[in-house]
Amino acid sequence: MKFIHAADLHIDSPLLGLEAYEGAPVERLREATREAFGALVSLAIEQTVDFVILAGDLFDGPWKDMKTGLWTAAQFRRLATANGGIPVYILRGNHDSASEVRKAVTWGENVHEFSVRHPQTFKLKDMGVALHGQGFAKRDVPHDLTDNYPQPVEGMFNIGVLHTSLTGSSVHDTYAPTSPQKLAALGYDYWALGHIHRRDIVNDSSPVIAFSGNTQGRHINESDAKGCWLVGVENGRIESMEFRATDVVRWRRLEIELDENSGRAELLDMAGRRFHECHEQSEGRLAAVRLTVSGRTQLHAELTKHETREELLAELRNAANHFDGEIWLEQIHLNTAPPIDRDKLKAGGDLLGELLRDIDRLADNDELLAETTRCLTPLMEKSPTELQHANVDPQDQETMRRWLRQAEGLLLAHLADVEDRG
Ligand SMILES: [Mn+2]
C-alpha cells in the first residue's frame, strides 16, 4: 500500500509586491501553487497510490471567485478517474477553516473532508487503514484537538491527520497546540501533520510523526525543494518514506564571496558559474534567486558609485537571462566592504594601530617572542603527547610567527568590520 501525505498547498496564495519587480515572471509565479497541486496529482497517478492525505491549508484563504474551487475540483476529478479512483482525505487548517473559506463547490465522491466539529474516522476496509482527524472550524483553535481523537482501530494501520503548530502553550498558540509525546501516546502508526512549511520528520518510528512542508515555496524564506511524502506500507509497517518534489518554481539563495583582488570580471564569471549550477539543480523549474555578494574587495569602490553599481547590477541580470527565462533574479544584495589597508591602519593612533605595531614588534624580536612563548608552558605541560601527535612545537619561533599572523588576520577582520559599521 502506498499513500501521499501533503499539506499547506495554499492554492491561489497572492504574491505580494511582485508587480514592482522589473521583468518578474508574474504569471508563472501566480500559477505556481496551482501547478504544484497539479504535479502532486500527477505523482499520485503515476505512483498508483491508494489514497492522498491533505493535512490542512489546501486554500490560502477566502476564494476571490469560484475559479479557485472549479480548478481544484478538476484536479480531484483527475484522481477520481485514475486507476479506478484515488480517494483524497482533506482537512481544514487555519487558512481554510470553515469560517474562512465559505464559498463551496461540490467535490466528487472520492473527496472526503474531516468534520470540523468532532474527530472523525474514515475506514478503508479493503486496505486495513483507519484515518482519524478533525479540521479547523475557525481560524483560531487554542486547544489540543487530539484530546478527543479516538483509540486506534485494532488490526488496522492507524493514521492521525492534524493541522498543528505541534509545540506551544494554549496561552499564545492558536494553531491546535499539542506535543509529540501526546501524539505518540495515542498509539497510531503515522501522524500526517500540516501547518509548518518546512518538511520535518519529528519522530522516525512508532509512530512516525511528520510534517510534509508546503508543496510550493512562495517567497525567499520558503527556499529549496518543496513537495510531499510518498509513504509505502507493508504488513502494517512503514517500509519506505520518500520526499518527492512538486514545486514548479524553486526559491534559492546564492552567495558569492569576493576576495581582495576580485574585480568585475571575476564577479561576473563566478555569478555565471553559480547560475549554471543552480539551473542544473532546478531540473527544468524556474529558479527564483536571491544573490548576495560579499567580501572585502577592491571592487567595493566601484560599487559605491551609482553609475558603475547600476551597470554591474544590469550585467548580473544579463548573466541570469542567459538561461532562457529559467532563472529570475529576485534581488541582488551587494554587501561588500573595502579591502583592509594594513599600512594605513598600522599608522593610526587608535587601538587597531597600536595592536598592529605590537604584533610587528613581537614578530621581529626573537627575545620578545621567546618570552611570549613561555606563556604557553602550562599548555605544553598539560598536553605534551597531543602536541607531539599534531606535530606542533610552540618552542619553534616560525610556528609562533605563523600563529601571530593568523591571530592578526582574525582580529583585523573583526575589528575592521566594527570600524566600518561605526
Ligand atoms: Mn496553517
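Okay, quick definition to start: helices (H or I, at least four residues) and strands (E, at least two) are DSSP runs, numbered from the N terminus. What you're looking at is a predicted model, where local features need pLDDT of at least 70, side-chain atom pairs count only at pLDDT 80 or more, and totals for chains, interfaces and linings use all residues. Residues are numbered from 1 along each chain as its sequence is written.

So, the overall picture. We have 12 helices and 15 strands. The C-alpha trace spans about 85 × 60 × 40 Å along the principal axes. The radius of gyration, taken over C-alpha atoms, is 29 Å, while a compact globule of 422 residues would be near 22 Å (that rule is 2.2 Å times the number of residues to the power 0.38).

Now the domains, with bounds from an automatic or database domain assignment. There's domain 1 (2-247), domain 2 (250-337) and domain 3 (342-421). The C-alpha centres of domain 1 and domain 2 are 36 Å apart. Their contact takes 11 residues from domain 1 and 10 residues from domain 2; contact here is C-beta atoms, placed from the backbone, within 7 Å.

Let's look at a helix pair. H1 (residues 26-46) and H2 (residues 67-81) have axes that come within 9 Å and cross at roughly 10°. Those axes are lines fitted to C-alpha atoms over the stretch in contact, with angles running from 0 to 180 degrees between N-to-C directions. On the H1 side, the contact residues include Phe37, Val41 and Ile45, and on the H2 side they include Trp71 and Leu79.

Where does Pro207 sit? Pro207 is in the loop between strand E9 (200-204) and strand E10 (208-211), and a cis peptide bond joins it to Ser206, with omega about -5°.

Then Glu283, not a glycine, has a positive phi of about 45°. Glu283 is in the loop between helix H4 (264-282) and strand E14 (286-296). Buried or exposed? Glu283 is exposed, with 10 other C-beta atoms within 10 Å. The cut-offs: 20 or more other C-beta atoms within 10 Å is buried, 12 or fewer is exposed, in between is partly exposed, with C-beta atoms placed from the backbone.

Last one: Asp324, in the loop between helix H6 (306-320) and strand E15 (327-337). Asp324 isn't a glycine either, and has a positive phi of about 45°. With 7 C-beta neighbours inside 10 Å, Asp324 counts as exposed.

Terms used. Two residues are in contact if their C-beta atoms, placed from the backbone, lie within 7 Å.
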